[in-house]
Amino acid sequence: MKVLVLGGTGQARRLVAALHGRPEFTVTSSLAGRVAVPALPQGDVRIGGFGGADGLVAWLRRHGTDVVVDATHPFAVRMTENAVAAGAATGVPLLLLRRAGWTAGPGDRWHRVPDAVSAAAVLPALGERVFLTTGRGDLAAFAGLDRLWFLLRSVDPPPPPLPLRCEVIQARGPFTADAERELLREHHIDVLVTRDSGGEMTAAKLVAARELGVPVVMLARPPAPAGPTVSTVDEAVRWLEDRLPALL
Ligand code: NAP
């Protein structure tokens with residue numbers, strides 16, 4: 001079975017690791033090429049956009065791909081749309097591997113908002129010193145909040161426009177709760193803004209916010225497309241294994 005894994009997430013790397021070395025699977029991982037030094041999955045990797053849905057269609061046909069697993073980040077909307085369109089155009093089955101979102105527990109002070117613009121609107125009422133972890137695509141929504149101070153964290157330096165008053169730290173998860181607590185304390189953070197990415201790699205900031213009583217503005221996920229969907233690597237492996245007999 002020739003499998004294309006649309007990746008760029010820890011979950012995609014774990015799926016590829018689970019299939020690696022199994023002779024019944026030939027796996028290619030695809031990365032967007034966003035970060036200068038990507039965390040590479042095992043095995044065959046291609047890097048860079050396909051050229052829209054049409055480019056992906058051409059790639060799938062050229063490589064005789066049997067199955068696509070979309071294991072991209074829950075907020076990578078365009079890639080997922082293209083994968084759905086290419087699956088429809090080629091008939092290549094598409095599995096969406098999407099980890100579960102986070103749920104608030106006792107002690108959490110979460111404000112769920114639909115998008116970055118709504119997050120920017122509620123922020124001034126919640127504090128002045130903001131830890132913003134929404135990713136570079138959403139920064140523009142916060143650029144006009146000149147009275148607030150922002151701590152930004154990203155793998156590579158974020159592109160403008162940035163908030164007027166901000167400090168950027170470059171780092172890549174996973175992060176520990178101890179380190180996140182220290183970071184929030186050191187920068188006197190009043191409020192955390194994050195997206196509902198789910199997963200373990202970046203959940204420690206939520207633990208730290210809970211312990212310190214820091215409110216969290218949580219951006220909702222974009223809706224997932226209809227179609228076969230699993231939330232864990234084990235389920236994805238089983239789904240692929242179940243389809244093997246059809247290829248014999
Ligand atoms: P996006 O907005 O949905 O995609 C924009 C374009 O980037 C796509 O149309 C595609 O270009 C290309 N692309 C995206 N993912 C790709 C992949 N895995 N392989 C090949 N091309 C890809 O995506 P994004 O939000 O910028 O995310 C880019 C990558 O970073 C994804 O792999 C995602 O899993 C990872 N990531 C994203 C986030 C996030 O917050 N969005 C966080 C962590 C990791 P073409 O149209 O030319 O094919």
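**Close-up views of the domain boundary and a pocket**

Between domain 1 and domain 2 of this predicted model, the number of salt bridges is 0.

**View A. Polar contacts and residue classes at the boundary between domain 1 and domain 2**. Although salt bridges between the two domains number 0, 6 residue pairs are in polar contact between domain 1 and domain 2, both residues of each pair being at pLDDT 80 or more. On the side of domain 1 that touches domain 2, the residues comprise 7 nonpolar, 1 polar and 3 charged.

**View C. The area buried between domain 1 and domain 2**. About 810 Å² is buried between these domains, and carbon and sulfur atoms account for 51% of that area. Within domain 1, the residues that lose the most area to domain 2 are Val35, Phe75 and Arg99, which together supply 52% of what that side buries. Contacts across the boundary involve 11 residues of domain 1 and 11 residues of domain 2.

**View D. The second largest pocket and its lining**. This pocket holds about 180 Å³ of space, and its lining takes at least three residues from each of domain 1 and domain 2. The lining is formed by Gln11, Arg14, Arg99, Ala100, Gly199, Glu200, Met201, Ser231, Thr232 and Val233, which by class are 3 nonpolar, 4 polar and 3 charged.

How values were computed:
Residues are numbered from 1 along each chain as its sequence is written. This is a predicted model: local features need pLDDT of at least 70, side-chain atom pairs count only at pLDDT 80 or more; totals for chains, interfaces and linings use all residues. Side-chain values use heavy atoms; hydrogens and water are left out. Contact means heavy atoms within 4.5 Å. Buried area is the accessible area (1.4 Å probe) that two parts lose on being put together, summed over both. A salt bridge is a side-chain nitrogen of Lys or Arg within 4 Å of a carboxyl oxygen of Asp or Glu. A polar contact is a pair of N or O atoms within 3.5 Å; within protein, one must be able to donate a hydrogen and the other to accept it, and residues adjacent in sequence count only if both atoms are side-chain atoms. Ala, Val, Leu, Ile, Met, Phe, Trp, Tyr, Cys and Pro count as nonpolar, Asp, Glu, Lys and Arg as charged, and the others, Gly among them, as polar. On a 1 Å grid over the protein atoms alone, a cavity is a set of points where a 1.4 Å probe fits but cannot get out, and a pocket is an open set with protein on both sides within 12 Å along at least five of seven lines; lining residues have an atom within 4 Å of a point. Grid points are joined across faces, edges and corners, and a volume is the space filled by probe spheres set on the points. Domain bounds come from an automatic or database domain assignment.
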